[in-house]
Amino acid sequence: MSVVELRPDLYFLRFPVGHVYLWRDPDGLTVIDAGLPGSGRRIAAGIRDLGHDLSEVRRLVLTHGHVDHAGAAAEIADWGDVRVLAHQADVPLVEGRAEAAPPDLADWERPLWDEVHSALPATAAAPAQVDQALGDGDVLDIAGGAVVVGAPGHTAGSIGLYLPGPRVLFAGDIMARDPRSPDPRTPVFPGVFNADRAEALGSFTRLASLDIETACFGHGEPLATGAGAFMHAALEGVR
């Protein structure tokens, strides 16, 4: 894992699979997504390397309940008074009471699906209690008011977390960039492995239509600046 400053209040914790982000407010820290099971120790080390204590972490917001995004949620919750937040439709996934719906794979996705899942660790995620079930339009006390944008399709409870003040979007897996490409011109495209492909495409359009300067993805490098132009190009590509 490496830690990259995207802006003075936003950090990117780069993992081989399932990135994690850290937002800093004057009164504490918010972790966005939790990575694979076992990632908690490395996330904690990254926070300490930035000069913060784990007691400063106020909340963990999950963009959805898949294991590469919620796998270490229980580990992070054990740091102290950390509230875990997830969309109400994905709460059963996070709490270990349900399995994720299988993806509706296009033919071209099947080899990629096999490749990705063969590389995932066999360790199951420990169930994590969700302290706050989210819904579309909820406003969280992050960055002066962060908006939960319902974005179903990848999972039923996928969300985007949108910070309108600084114009930052945490998109989860509804959109992505090629994680194999270091090229800064790598385009943004709709995410893969969706439970409902048509619904996911509608959610992609909704998120990409927001006023965005910085875009953070679960897979592929984030865009620290100039994300709006990439979103415009992505929207043209799906029309």
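This is a predicted model: local features need pLDDT of at least 70, side-chain atom pairs count only at pLDDT 80 or more; totals for chains, interfaces and linings use all residues.
1. Overall form. The protein has 239 residues, for which a compact globule would have a radius of gyration near 18 Å, and because the value computed for this model is 16 Å, the two agree. Along the principal axes, the C-alpha trace spans about 45 × 35 × 35 Å.

2. Burial and surface. Of the 239 residues, 50% are buried, while the protein as a whole exposes about 10500 Å², with carbon and sulfur atoms supplying 52% of that area.

3. Secondary structure and contacts along the chain. A reader tracing the chain will find seven helices and 14 strands. When contacts between residues at least 6 apart in sequence are considered, 62% of them join residues at least 24 apart.

4. The seven-stranded sheet. Seven of the strands form an open sheet in the order S1-S2-S3-S4-S5-S6-S7, and the pairing within this sheet is mixed. Its edges are strand S1 (2–7) and strand S7 (132–134), each of which pairs on one side only, and the twist from one strand to the next averages 25°.

5. The largest nonpolar core. This core has 28 residues, and those with the most contacts inside it are Val31, Ile43, Ile47, Leu60, Leu62, Ile76 and Trp79. Both strands and helices contribute: S2, S3, strand S4 (28–32), strand S5 (57–61) and strand S6 (83–87), together with helix H1 (40–49), helix H3 (73–77) and helix H4 (91–94), each supply at least two residues of the core. In soluble globular proteins, nonpolar side chains tend to be buried together.

6. A closer look at Trp79. Which residues are in contact with Trp79, leaving aside its neighbours within four places in sequence? They are Gly40, Ile43, Ala44, Ile47, Leu54 and Val57. Among them, Ile43 and Ile47 are also listed, like Trp79 itself, with the residues that have the most contacts inside the largest nonpolar core.

Terms used. Residues are numbered from 1 along each chain as its sequence is written. Side-chain values use heavy atoms; hydrogens and water are left out. Two strands pair if DSSP finds at least two bridges between them. Helices (H or I, at least four residues) and strands (E, at least two) are DSSP runs, numbered from the N terminus. Axes are lines fitted to C-alpha atoms, for helices over the stretch in contact, and angles run from 0 to 180 degrees between N-to-C directions. The radius of gyration is taken over C-alpha atoms; the globule rule is 2.2 Å times the number of residues to the power 0.38. Buried means under 20% relative accessible area, exposed over 50%, partly exposed in between (1.4 Å probe, protein chains only). Contact means heavy atoms within 4.5 Å. Accessible areas come from the Shrake-Rupley method with a 1.4 Å probe; for residues, only the protein chains shown count as cover. A nonpolar core is a set of buried Ala, Val, Leu, Ile, Met, Phe, Trp, Tyr and Cys residues joined through side-chain atoms within 4.5 Å.
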